[in-house]
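Student: I've got a structure to go through and I'd like to talk about its rings and pockets. Can we take it step by step?

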Amino acid sequence: MSISSETGKTALFQIKSKCHQFTKSLTESVCDLKEQLTKQFCDCNDADIMKTLSNLSVKPQDELFKRMFGCGKQCPFCQVPCEAGGKEHSEHHAVVHRPQGLGQYRWLTTKKLLETLCTTAVHSEIKFKNAATLWELHPYKEYYTYYPDWKIPPDSTIEASDYWKYVLVTYNDRFAEEYRAKPADIPESWKTITKEQALKGLKEAFNVK
């Protein structure tokens, strides 16, 4: 709850000399404020609330959607959405990147979906090519030449990307069919990831309890 400076002054003027008196006064002021707000909202009907919202210059629902949805930009390799929030940022980033095959990338020679994670590729000797490079091969570790507004750090933990590894293992054939490619060569260690481990890694990455 945010309290205005004027409300704070009401409590501060009641301070005499001891800390417990200040604490008591502040608690009473907050309780009074809570009662006032509760009564104010109870006296309002749905029509009043909708009218108030419609007259606001900034729509709360639109702002909330923008903050939750983000800027709409996606990783150029795995297509994970930018998670910087809103549109007021100069650098795009995501907490957990995906195997690039989920973004339709494939190996040039075998046409198999690329199982490599972006966060692994940008610290390797692997090269990529796409429309941005005019279909010329370019080192992943120098991706910022074409995508300077994206920050793709190395994986901080192995578990963080377990969820998307599990997704590729589970739906490898279906993604290949959808993208008209061959199924990815899945590392054996990925095949041992359970659904519980995948969800746990995702929750830990986003600090979900």
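Student: Is Phe 77 buried or exposed?

Tutor: Keep in mind that this is a predicted model. The cut-off for buried is under 20% relative accessible area. Phe 77 has a relative accessible area of 0%, so the residue is buried.

Student: What kind of pair do the rings of Phe 77 and Tyr 147 make?

Tutor: A search of the whole structure turns up 8 aromatic pairs. For Phe 77 and Tyr 147, the ring centres are 5.7 Å apart and the planes meet at 80°. Planes over 60 degrees apart count as edge-to-face, so this pair is edge-to-face.

Student: How many residues apart are Phe 77 and Tyr 147 in the chain?

Tutor: Phe 77 belongs to the loop between α4 (60-69) and α5 (118-121). Tyr 147 belongs to the loop between β2 (138-139) and α6 (162-178).

Student: Which residues form one aromatic cluster with Phe 77 and Tyr 147?

Tutor: The cluster includes Phe 77 and Tyr 147.

Student: Which residues lie closest to the centre of the largest pocket?

Tutor: That pocket has a volume of about 330 Å³. Its lining divides into 9 nonpolar, 3 polar and 4 charged residues. Of the 16 lining residues, the closest to the centre are Tyr 105, Arg 106, Trp 107, Leu 108 and Lys 129.

Methods
Residues are numbered from 1 along each chain as its sequence is written. This is a predicted model: local features need pLDDT of at least 70, side-chain atom pairs count only at pLDDT 80 or more; totals for chains, interfaces and linings use all residues. Side-chain values use heavy atoms; hydrogens and water are left out. Rings of Phe, Tyr and Trp (its six-membered ring) pair if their centres lie within 6.5 Å; planes under 30 degrees apart count as stacked, over 60 as edge-to-face and the rest as tilted. Helices (H or I, at least four residues) and strands (E, at least two) are DSSP runs, numbered from the N terminus. Buried means under 20% relative accessible area, exposed over 50%, partly exposed in between (1.4 Å probe, protein chains only). On a 1 Å grid over the protein atoms alone, a cavity is a set of points where a 1.4 Å probe fits but cannot get out, and a pocket is an open set with protein on both sides within 12 Å along at least five of seven lines; lining residues have an atom within 4 Å of a point. Grid points are joined across faces, edges and corners, and a volume is the space filled by probe spheres set on the points. Ala, Val, Leu, Ile, Met, Phe, Trp, Tyr, Cys and Pro count as nonpolar, Asp, Glu, Lys and Arg as charged, and the others, Gly among them, as polar.
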